[in-house]
Amino acid sequence: MAKKLKELIKKITELYGPSGREDQVRDFIKEQIKDHVDDIKTDKLGNLIATKKGNSGKTILFDAHMDEIGVVVTHILDKGFLKVEQVGGQNPVNLIGSRLIFNGRIGVVGVEGESEKELKDNYKNLSLDNIFVDIGVSSKEEAEKIAPIGTFGTFAEGFVDYGNYCMSKAMDDRIGCAILIETIKNMKDNQHTVLFAFTVQEEVGLVGSFVSTFDYEVNRAIAIDVTDSLDTPKALKRMSMALGKGPCIKIKDNLSVSDREVVEWIKNAALANNIPYQFEVLTFGGTNAAGYQRTKSGIPSGTISIPTRYIHSPHEMLSYSDVENTVKLLNTLSKTNF
Amino acid sequence: MRKYLKDLTNLAGISSREEKIKEYIKSNVANKVDEITEDNMGNLICLIKGKDSSKKLMLDAHMDEVGFMITRINEDGTFGISPVGGVDPRVVKSQRLKIEEKISAVVNSTPIHLEKETDKVEQYESIRVYAGFSNKEEASKKVHLGDMVTFDTTYYEENSYAVAKAFDDRVGCSIMMDIIDYFFENSEKPLYDTYFNFATQEETGLRGTGTAASKIHPNFAIVLEGTTAGDNPENTPDKWATHIGNGPVLTFMHSGLVLNKEIFEKIVDTAKKLGIKFQYKMRTAGGTDAARLAKTLYGIPAGVISVPCRYIHSPQSIMNLQDYENTYQLVKQLVVNTPF
């Protein structure tokens, strides 16, 4: 794995960017790609869309979302403790013992309970109603200055390099962003015009993907996102995605069935270029592909997923080889006919 | 101000059946706006041209209310109903309803001494509506499958509070009508070309506003709503969504969307400058038309301002009149001369 790509993954996953607050991520990506693309623009919603022109007369789109899950301050209690609500799908279990960051201020999570029984019950039935965030202040006034109502927080856990694997918060979907950046930098002789859509607010409802193609006619759209890896002890038996076995070509998930021709196109490109791949049938979840399918007159869409362990936790783990193979696969697709 | 709220809440109009509300609004604004159009989804779009026509502002409030449809006519002349929009079956029991605004009806209630399982909630499958018919044949002459059913509630005011059904979202419609009146009575113009969209079918999935916006092509939008209070005294304030009496509710995030930060902050600044009491929505559940607007055309940025109402989606909700006035003042200020 190239050291540069590792650094890119570290930098981009450690950035702060919950849904609706993707500014830092967008600025970072713009800086990374601006010298390598023919056109770059930001739309009204905040999607960043870059173009690399081709000659085939066809346009394909690769999508990765910039936002990560988080929390938002909804109430400040008398002594300066915060109450929060989820931004995207947040399992409160993951908040216990994690560090959160609000406006640069670290917070930790405590559980309410006025008797041992209540405390025990609350641990069993964790919800955002029975936990609170402590940002190390002693008064409501102090908390209001640092993290007023409406302040967004994210996990604060950083990047870990394991050699073949790596781990960080927000791999969902900064790894997709990193893959697109790397693809842009490596892309040569693309036949198709390729749009790279770095989208906003996927985690709260696939918002960005519904409008990112407004100014473009797109023939095929592919979301690059993470999917669950089921290679851990006693993992769900009905699915087989695993780290290191290559990018996953999604057949379906809970929100979309991938276009069959798109699936065949990706599979044939992988086969012809000896790129390993896996098929993915996810019994839950969804990606921006669902948004592209419902945009305009319906764009034939699919998803290429990076198998990832512990998605939506502060520690999302994946394999470098899957990342590299996805970059190869996307480059290949830019010159594969359909 | 507040000339229309009583009439608006007394009228019946579930999702897809907003025609009476629309006629009422149309007849009261017709000569006061520059242009009135309707689209295929039934949205009523009223334009008042601004001083600056380089930008378009869309104000949005939905005309539909939650209610029911007749889905079954039983052998004994009673009816089965299904909710249109989110109506918890717990608020339906023992209520008075109106079928197509004409026929009075009541919902069954098991006699207390026969009710063994007191914790059990009667679901729509077993809820029966009585309207004075003794058999299916008789009932079928007057009532048909798909007929609209609404709560039979009449608006009243008591001191600084108003009680009615359908504050969600007739209160938004009422504020938009008040603002149209303001421009008319003062011969004034809004800052930008302002499209007042009285939307359909919000309660069944934000279905109306998208087509209206596609026609208008607004630069930005402000969605006006009646929102939940949930300020029950047995809960601590950190569990409340909003509190009636604390002023207009400003939303930074709700189901399906984080609201545009610049617009949100502009609304907050405007409220501060006006010196009115305001509050933030402290629960993020439940969405508004803003979530649909963000997915429409190029992604229309929007803000959401709501009047807090206690017990929404029920036969009786309570609203504070000062909250209404403050919300009106805030929205008016935004439309009259706040640059975006």
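Me: What are the domains of chain B?
Reply: Chain B is divided into domain 1 (5–65 + 165–337) and domain 2 (67–151), with bounds that come from an automatic or database domain assignment. This is a predicted model, in which local features need pLDDT of at least 70 and side-chain atom pairs count only at pLDDT 80 or more, while totals for chains, interfaces and linings use all residues. Residues are numbered from 1 along each chain as its sequence is written, and chains are lettered from A and ligands numbered from 1 in the order in which they are written.

Me: How far apart are the centres of those two, and how many residues are in contact?
Reply: The C-alpha centres of domain 1 and domain 2 of chain B lie 31 Å apart. In the contact, 11 residues of domain 1 of chain B meet 12 residues of domain 2 of chain B, where two residues are in contact if their C-beta atoms, placed from the backbone, lie within 7 Å.

Me: And which classes are on the domain 1 side?
Reply: On the side of domain 1 of chain B that touches domain 2 of chain B there are three nonpolar, four polar and four charged residues. Here Ala, Val, Leu, Ile, Met, Phe, Trp, Tyr, Cys and Pro count as nonpolar, Asp, Glu, Lys and Arg as charged, and the others, Gly among them, as polar.

Me: Switching to B:Lys55, where is it?
Reply: B:Lys55 is in strand β3 (residues 52–62) of chain B; helices (H or I, at least four residues) and strands (E, at least two) are DSSP runs, numbered from the N terminus. Leaving aside neighbours within four places in sequence, B:Lys55 is in contact with B:Tyr192 and B:Asn219.

Me: Why is B:Lys55 called partly exposed?
Reply: B:Lys55 is partly exposed because 15 other C-beta atoms lie within 10 Å. A residue is buried if 20 or more other C-beta atoms lie within 10 Å of its own, exposed if 12 or fewer, and partly exposed in between, with C-beta atoms placed from the backbone.

Me: How many residues of chain B are in contact with chain A?
Reply: There are 19 residues of chain B in contact with 22 residues of chain A. On the chain B side, the elements that give two or more residues are β16 (257–258) and α7 (289–294) of chain B, and by class this side has 11 nonpolar, three polar and five charged residues.

Me: Now chain A: what is the strand order in its open sheet of eight strands?
Reply: The order is β1-β2-β12-β3-β13-β16-β14-β15 (chain A), with mixed pairing, and two strands pair if DSSP finds at least two bridges between them. The edge strands are β1 (39–42) and β15 (278–281) of chain A, each of which pairs on one side only.

Me: What does β1(A) pair with?
Reply: β1(A) runs antiparallel to strand β2 (residues 48–52) of chain A, and four bridges join them. A:Thr42 stands opposite A:Leu48 in β2(A).

Me: What is the pairing sense between β14 and β15(A)?
Reply: Strand β14 (residues 248–252) of chain A and β15(A) pair in the parallel sense over four bridges, and A:Cys248 has A:Gln278 in β15(A) as its bridge partner.
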